Amino acid sequence: MSIETFGLDYSYIAFFVGVALVIICCGIYSLLATRHLIRVLIAIGLFTKSLTLLLLTAGWWGQRVPYAEALIITVIVVEVVVMVVGAGLALSVFREQGDLDLAKLKNLRG
Amino acid sequence: MTIIFILLALMVLLSIMAVCSRNLLHAVIALALVSVALTVVLFMFQAPLAAVFELSVCAGFITVIFISTISLSQPLSNEQIKKMTQTRWKRYIALPLILGVIIPFFYWKIPFLFSQLGAPTTPFFSLDVKRILWELRTNDLVGQLLVIVSGVLAVIILFKESSSEKKVKGD
């Protein structure tokens with residue numbers, strides 16, 4: 001079942017890009033409005049989702065979906081490493097100061 | 001066609017829920033559901049390998065990582081959550097402004113811009129994704145390997161006990 005059977009044509013590209021932009025806006029809002037370290041990681045996760053959608057849209061428009069798929073796999077691998085290291089940082093910060101509030105991260109020891 | 005629109009609308013709603021939810025666990029589950037919706041979209045666009053990666057890694061593994069991190073760190077009390085939520089809503093009202101103003105403007109102007117893009121280009125090549133990854137994007141694979149190795153090293157270093165902590169535990 002290909003995408004053409006769903007009756008989509010290339011005039012819907014604006015819709016896909018719009019949805020990706022909305023998700024980016026949600027991520028930016030979360031970064032601006034939160035001080036919690038895990039919510040920052042959730043915002044980064046949302047950025048990656050929108051990037052995946054934009055890559056897919058570009059691949060679909062240029063008729064290079066396998067190429068976009070290869071790039072999406074690369075993005076997913078990088079995302080998972082960032083999330084794991086971020087979670088490790090969060091646990092390390094919690095061990096040091098007992099809180100995940102970013103505003104309290106003021107001590108930078110050499 | 002309706003299915004695609006429903007999935008994309010679901011992604012938007014779940015993203016808003018992931019950002020605005022007071023409960024951290026609900027936010028993480030909403031993020032996982034965004035991944036699930038994106039997986040279905042990837043399958044419909046005939047990108048099964050990326051869809052499987054998205055489902056297993058982003059919706060599965062990353063959700064487990066988040067839930068483990070949340071459970072290992074002390075949860076906030078209800079008073080702390082209430083205080084942080086009030087501060088968040090008072091200080092930032094950007095999201096309704098962004099969604100209510102910029103998005104209608106975008107849909108008013110952008111279709112005109114997209115109609116100027118012209119017909120899609122002809123396919124440059126017709127390889128499948130496995131050959132593209134192994135033959136054309138080999139450098140990407142090397143980069144992924146380096147990123148994974150550096151991530152593993154970072155986690156090991158983060159959780160490594162210092163010698164002074166070992167001495168204290170030994171006493």
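The side chains of K49(A) and E79(A) pair up in a salt bridge, 3.1 Å from N to O (that label takes a side-chain nitrogen of Lys or Arg within 4 Å of a carboxyl oxygen of Asp or Glu). K49(A) sits in helix α2 of chain A and E79(A) in helix α3 of chain A, so the pair ties together parts that are 30 residues apart in sequence. This is a predicted model, where local features need pLDDT of at least 70, side-chain atom pairs count only at pLDDT 80 or more, and totals for chains, interfaces and linings use all residues. Residues are numbered from 1 along each chain as its sequence is written, chains are lettered from A and ligands numbered from 1 in the order in which they are written, and side-chain values use heavy atoms, with hydrogens and water left out.

**Salt bridges**

- Over all chains, the count comes to 3 salt bridges.
- K49(A) and E79(A) are both buried (buried is under 20% relative accessible area, exposed over 50%, and partly exposed in between, with a 1.4 Å probe and protein chains only).
- K49(A) also meets E54(B) in a salt bridge, at 3.8 Å from N to O.
- E54(B) belongs to helix α3 (residues 48-72) of chain B and K49(A) to helix α2 of chain A, so this pair joins two chains.
- E54(B) is buried as well.
- Put together, K49(A), E79(A) and E54(B) are linked in a network of salt bridges.
- In chain B, the side chains of D140(B) and R137(B) meet in a salt bridge at 2.8 Å, N to O.
- D140(B) is buried, with a relative accessible area of 17%, while R137(B) counts as partly exposed at 22% relative accessibility.

**Where chain A meets chain B**

- On the contact count, 68 residues of chain A touch 82 residues of chain B (contact means heavy atoms within 4.5 Å).
- The area buried between the two chains is about 7100 Å², and carbon and sulfur atoms give 79% of that (buried area is the accessible area, with a 1.4 Å probe, that two parts lose on being put together, summed over both).
- Y29(A), R39(A) and K49(A) supply 10% of the area that chain A buries against chain B, more than any other three residues.
- Between chain A and chain B there is 1 salt bridge, plus a count of 7 residue pairs in polar contact, both residues at pLDDT 80 or more (a polar contact is a pair of N or O atoms within 3.5 Å; within protein, one must be able to donate a hydrogen and the other to accept it, and residues adjacent in sequence count only if both atoms are side-chain atoms).
- α1 (13-33), α2 (37-61) and α3 (65-97) of chain A each supply at least two residues of the side that touches chain B (helices are DSSP runs of H or I with at least four residues, strands are runs of E with at least two, numbered from the N terminus).
- α3(A) gives the most to that side of chain A, with 26 residues.
- By class, the side of chain A that touches chain B has 49 nonpolar, 12 polar and 7 charged residues (Ala, Val, Leu, Ile, Met, Phe, Trp, Tyr, Cys and Pro count as nonpolar, Asp, Glu, Lys and Arg as charged, and the others, Gly among them, as polar).

**Helix α2 of chain B**

- Helix α2(B), residues 24-44, has 21 residues and reaches 31 Å from its first C-alpha to its last, close to the expected 30 Å (the expected span is 1.5 Å times one less than the number of residues).
- At the start of α2(B), a side-chain oxygen of N23(B) comes to within 3.0 Å of the backbone nitrogen of L25(B).
- After α2(B) comes Q46(B), whose phi is positive, near 60 degrees.
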